[in-house]
Amino acid sequence: MSVKHALSRGLELGRSLFQLGLFKPAGRVAAKFRGERLRVSRPTRTVQPQTFLPGRYRFFRLSLSGLAAQLQSGAFRRVVGGGAPRNRAVFLAFGVGLGLIEQQLEEDRTSAALCQEIQAVFRKKKFQTPLKPFTSGYKLEDYVIGKQIGKGCNAAVYEAAAPFAATVESGKCSLVELNQKQTDDDNLKAGPLRFSATPSFPLAMKMMWNIGAGSSSDAILRSMSMELVPACSQALTNEQGEIALDGHFGTVPKRLTAHPNVITVYRAFTAEVPLLPGAQEEYPDVLPARLNPLGLGSNRTLFLVMKNYPCTLRQYLEVCVPNRMQASLMLLQLLEGVDHLCKQGIAHRDIKSDNVLLEFDSTGCPRLVITDFGCCLAEDLGLKLPFNSRWVSKGGNACLMAPEVATAVPGPGVMIDYSKADAWAVGAIAYELFGQPNPFYGSQGLESRTYQEKQLPSFPAAAPEDVQLAVKLLLRRNTRKRPSARVAANMLHISLWGKRVLARLDQTRMDELTDWLLCQSAVVLLKGRGSGGSSVEAELQRCFLANIDLEDLRAAVSFLMYGQQQWKSLLAHYTEP
Ligand SMILES: Nc1ncnc2c1ncn2[C@@H]1O[C@H](COP(=O)(O)OP(=O)(O)OP(=O)(O)O)[C@@H](O)[C@H]1O
């Protein structure tokens with residue numbers, strides 16, 4: 001057999017092996033974690049992968065020399081007719097490798113095309129804010145303002161109503177109502193319940209405290225512009241295309257498109273600071289001299305109008321312990337929200353349970369939205385921040401600052417990469433969702449700057465295994481080993497709705513996964529026609545399909561397979577005699 005012949009024979013052999021499914025997933029499901037290799041044992045596999053092939057397809061862990069050795073000595077001898085001299089065997093092996101790669105590329109092209117088609121179907125129907133276009137609501141006088149519903153370090157928030165907001169659906173079920181439904185539930189902690197979404201005030205108005213920015217719209221915008229990141233297009237521009245905020249557009253930052261898990265600001269405008277209920281008692285110092293002679297505030301400030309949510313995530317968790325399905329769905333929503341921000345080049349930088357608002361869908365499942373973008377990074381450079389001086393702000397809440405941000409030291413040319421920082425914070429909040437204290441809070445808590453992964457408290461055993469794995473991975477210090485919010489979200493999606501496929505993945509090919517994607521698409525489209533279309537679960541499934549990408553999906557599968565291997569070995573360890 002000549003070298004050329006050996007190569008072409010190998011190529012054919014590789015193609016057939018691939019078609020027969022004898023060979024491929026060994027490489028595909030492989031992943032490299034902590035330098036150790038994961039191998040999925042398959043009964044038909046005879047080749048021990050030893051080296052990586054370079055480039056994008058390096059998940060093919062075919063060792064050509066290993067393959068050649070096998071061909072010389074083992075199972076393939078019969079297949080190739082035996083007795084091939086060593087150098088020919090190398091070429092034969094090389095051919096097999098090429099054949100496998102060629103087929104894999106082909107299959108990838110098909111799967112990637114399918115993913116794109118699914119994406120296109122689910123992206124066509126854009127998430128709509130529940131507000132119809134309306135010409136008013138750009139002045140304080142357009143609103144009736146009720147009682148105060150919240151207060152932070154930078155603003156007071158009041159319930160509000162306006163004729164144009166009649167289309168804003170209230171949060172369906174308030175925490176009070178939910179509590180009444182669940183009084184028998186043993187899981188429910190005792191505690192005062194004070195929150196309710198008042199249907200007559202479907203809106204929330206956030207009045208920023210303006211100390212020192214001055215009263216011109218331009219100055220206000222310059223100092224508070226990040227609050228406008230989640231503002232929808234009608235928030236700033238009315239139907240005639242007039243800019244309602246009479247500042248320069250230059251000071252208006254990058255803005256987010258609407259997403260079910262991110263707050264939408266319906267209207268933003270500047271106006272004179274009014275004397276609202278509780279102002280003299282609760283925030284006299286930030287009032288303008290017109291209202292309090294000792295006040296330090298400017299005369300005008302920024303107002304933001306949003307939907308009025310029944311409570312924050314923190315308030316909800318103080319009185320309720322979500323069941324494991326609800327907690328998983330809540331975690332998934334936070335990951336979906338963060339992924340949406342990342343895709344648009346925005347880092348929130350202050351994700352915490354106070355900055356997540358909550359309402360309930362028609363089934364009583366909590367729906368979460370990320371809010372308060374005051375500390376966000378929304379620069380043209382995307383998720384990287386030049387950190388050349390210690391005066392550059394790294395973001396809010398130091399406790400939930402990802403290790404790569406917390407440990408960054410300012411200097412010339414230093415850049416902080418925020419692409420996985422919000423995902424890390426979500427990993428920490430996951431403990432709260434499953435009823436445990438956040439490990440990074442309190443005087444005894446870990447410090448994100450210094451903690452070691454093995455110091456993380458064990459995750460509640462009641463949480464699904466895949467959730468435990470996802471959280472463990474999200475809290476990895478090394479960003480290269482930490483999944484992105486998208487990949488972690490994919491893990492949970494597959495775990496929640498594709499468990500059956502996952503169980504078969506060690507013997508399956510990618511096409512089984514793509515078949516499952518097609519089935520999911522059909523189910524979600526059908527659900528969308530029925531009443532289930534607005535439930536949190538349906539929204540999440542739509543989100544997943546609208547963002548489906550082969551590489552991210554594959555990464556999620558690799559992490560899940562890695563987790564399964566770990567569980568199996570842990571189990572084996574404990575069941576050994
Ligand atoms: N849309 C809303 N619906 C209901 N309550 C809200 C809404 N927005 C804010 N709140 C309440 O007001 C509080 C303060 O709001 P927010 O966190 O936006 O203010 P802040 O001053 O920017 O906060 P921080 O201190 O985190 O900077 C929230 O914790 C929440 O309780």
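Modeller: His340 lies in helix H11, where a helix is a DSSP run of H or I with at least four residues, a strand is a run of E with at least two, and both are numbered from the N terminus. The model is a predicted one, in which local features need pLDDT of at least 70 and side-chain atom pairs count only at pLDDT 80 or more, while totals for chains, interfaces and linings use all residues. Residues are numbered from 1 along each chain as its sequence is written, and side-chain values use heavy atoms, with hydrogens and water left out.

His340 has a relative accessible area of 11%, so it counts as buried (under 20%; exposed is over 50% and partly exposed lies in between, with a 1.4 Å probe and protein chains only). If its neighbours within four places in sequence are set aside, His340 is in contact (heavy atoms within 4.5 Å) with Leu256, Thr257, Ala258, His259 and Val262.

The crossing of H11 and H13 is right-handed, meaning that the near helix is turned clockwise from the far one by less than a right angle.

On the H11 side, Ala327, Met330, Leu331, Leu334, Leu335, Val338 and Leu341 take part, and they meet Asp422, Ala423, Val426, Ile429, Ala430 and Leu433 of H13. Twelve residues of this contact are nonpolar, none is polar and one is charged (Ala, Val, Leu, Ile, Met, Phe, Trp, Tyr, Cys and Pro count as nonpolar, Asp, Glu, Lys and Arg as charged, and the others, Gly among them, as polar).

To set this against the whole, the chain has 19 helices and twelve strands, and 54% of its 577 residues count as buried. Elsewhere, helix H18, residues 536-546, is mostly covered, with nine of its eleven residues buried, including Leu540 and Phe544. Ser362, by contrast, sits in the loop between strand S9 (356-360) and strand S10 (366-370), and its relative accessibility of 53% is why Ser362 counts as exposed.
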